Amino acid sequence: MTIHRLLARACARSSSVTPRIRRALATNTTPRPSFPTTPTCPAPTCTCAPTPELPQGFEIDHEAPLSGAISNYAEHVLVCTGKDDWPSRIEEDNGGDNLAADLRELVGPRGKFNDPFHNISVLNSSFPSSPPPKQRPELQTSSVYILPQFKYVPYLPRVSFDHAEALVRGYLQPEKLHAMHDGLSPIHRDRLLRKPAYQNYLWGVRDVREVVVLICGHGGRDRRCGIFGPLLRDEFEKTLPRRGVNVLKGPVEAENEEGFAVPGSVEASRGEEYAARVGLISHIGGHKFAGNVIVYLPPGLRTQDGQAHPLAGHGIWYGRVEPRHVEGVVGETILRGKVIEELFRGGIKQNGEILRL
């Protein structure tokens, strides 16, 4: 029960409360969120995969509050690994030689660019990296998504920290510091601020214009997500095309035939009205709420009927998602711009504001 309702009950029993205050408390309810919602997920209209049975000791928690069960973060950095699973600690993948480890060394708790008021969450994803540029086919590179900035960085050479640091300094650090940093020295404050000049070190960066559906499938961390993740990915990839959304697979081609970086989305230039990518990601917290799904809806997205999408530029977190919910998530959230309250963990806007019911 909310504090407001407790106060309303207490005041209703008190003879000292005026009728006007009593009426105000009786009619005033919890403020509605600033974004459209629907209370429950619609029942599926077609056959979907059954909800899997989980091993003993790995049950889904249906009792704990789901709303608000989201970590505070400013950016998600998704490293494109091309793998469906990773060790429990992703920085230990490939013997520790991986981009996630490099980035966490820079922005993690002991990193020189760590900012406790601007949390950068580094995750692995199953998306494959773009092939290296035609001019340097021998170069080993990795790709990353930055969300909710909705940027895709195709080429991060794996030969030094220089490009990883350019990513941090050019895209990941805040443009304005939290007020708690006011007491820092000018040099320290300058180190924590974003420097757009570093963006020039990263070639081929483009805007993300497709919907990005992320599902925690980190079986190396928790068996629940290892079971739900691939099952939900298959369900989304089956359901999206039925609702008119083209599912994009394979690596992002970041060059045209002449070898130059393609500005903007290659897929959008082909005339796809609706396109999406679906991938598995590493641990985001809340395994007990599996399946955990994050839907990132790009700026400029429109609803199925052509109106401005109320959730464009947002990331929407859902928990306790089962295959029977996928059609509802696609229809209500992706196509109509409504948050499904019974599944909602929280959300994030492009400015870093966390959304709650």
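Colleague: Before we start, what does buried mean here?

Modeller: Buried means under 20% relative accessible area, exposed means over 50%, and partly exposed lies in between, with a 1.4 Å probe and protein chains only. This is a predicted model, where local features need pLDDT of at least 70, side-chain atom pairs count only at pLDDT 80 or more, and totals for chains, interfaces and linings use all residues. Residues are numbered from 1 along each chain as its sequence is written, and side-chain values use heavy atoms, with hydrogens and water left out.

Colleague: OK, aspartate 102. Buried or exposed, and why?

Modeller: Aspartate 102 counts as buried because its relative accessibility is 11%.

Colleague: Where is aspartate 102 found?

Modeller: In helix H3, residues 99-107. Helices (H or I, at least four residues) and strands (E, at least two) are DSSP runs, numbered from the N terminus.

Colleague: And what does aspartate 102 touch?

Modeller: Arg158 and Phe161, not counting residues up to four places away in sequence. Contact means heavy atoms within 4.5 Å.

Colleague: How many residues of H3 are buried?

Modeller: 7 of its 9, so H3 is mostly covered by the under-20% rule. Among them are Leu99, Leu103 and Val107.

Colleague: What do they pack against?

Modeller: Strands E2 (75-80), E3 (120-125), E4 (141-147) and E5 (151-157), plus helix H4 (162-172).

Colleague: Which residue caps the N-terminal end of H3?

Modeller: Asparagine 98. One of its side-chain oxygens lies 3.2 Å from the backbone nitrogen of alanine 100.

Colleague: What about glutamate 91? Where is its place?

Modeller: In the loop between E2 and H3. Glutamate 91 counts as buried because its relative accessibility is 18%. Leaving out residues up to four places away in sequence, glutamate 91 touches Gly96, Asn98, Ala101 and Arg104.

Colleague: New topic: strand E13. Which strands does E13 join?

Modeller: Strand E11 (residues 314-318) pairs with E13 in the antiparallel sense over 4 bridges. Strand E14 (residues 354-355) also runs antiparallel to E13, with 2 bridges. Two strands pair if DSSP finds at least two bridges between them.

Colleague: Which residues stand opposite each other?

Modeller: Glycine 315 stands opposite isoleucine 348 in E13. Glycine 347 stands opposite leucine 355 in E14.

Colleague: How many residues of E13 are buried?

Modeller: 5 of its 5, across residues 344-348.

Colleague: What happens in the hairpin of E13 and E14?

Modeller: The hairpin has 5 residues between the strands. There, glycine 352 takes a positive phi near 90 degrees.

Colleague: Aromatics next. How many pairs in the whole structure?

Modeller: A search finds 7 aromatic pairs. One of them is tyrosine 73 with tryptophan 317, tilted, 5.7 Å centre to centre and 45 degrees between the planes. Rings of Phe, Tyr and Trp (its six-membered ring) pair if their centres lie within 6.5 Å; planes under 30 degrees apart count as stacked, over 60 as edge-to-face and the rest as tilted.

Colleague: Where do those two residues sit in the chain?

Modeller: Tyrosine 73 is in the loop between strand E1 (37-38) and E2, and tryptophan 317 is in strand E11. They are 244 residues apart. Both tyrosine 73 and tryptophan 317 are buried.

Colleague: Last one. How many residues has the largest nonpolar core?

Modeller: 58, and Phe236 and Tyr318 have the most contacts inside it. Strand E7 (residues 211-216) gives the most to this core, with 6 residues. A nonpolar core is a set of buried Ala, Val, Leu, Ile, Met, Phe, Trp, Tyr and Cys residues joined through side-chain atoms within 4.5 Å.

Key. A polar contact is a pair of N or O atoms within 3.5 Å; within protein, one must be able to donate a hydrogen and the other to accept it, and residues adjacent in sequence count only if both atoms are side-chain atoms.
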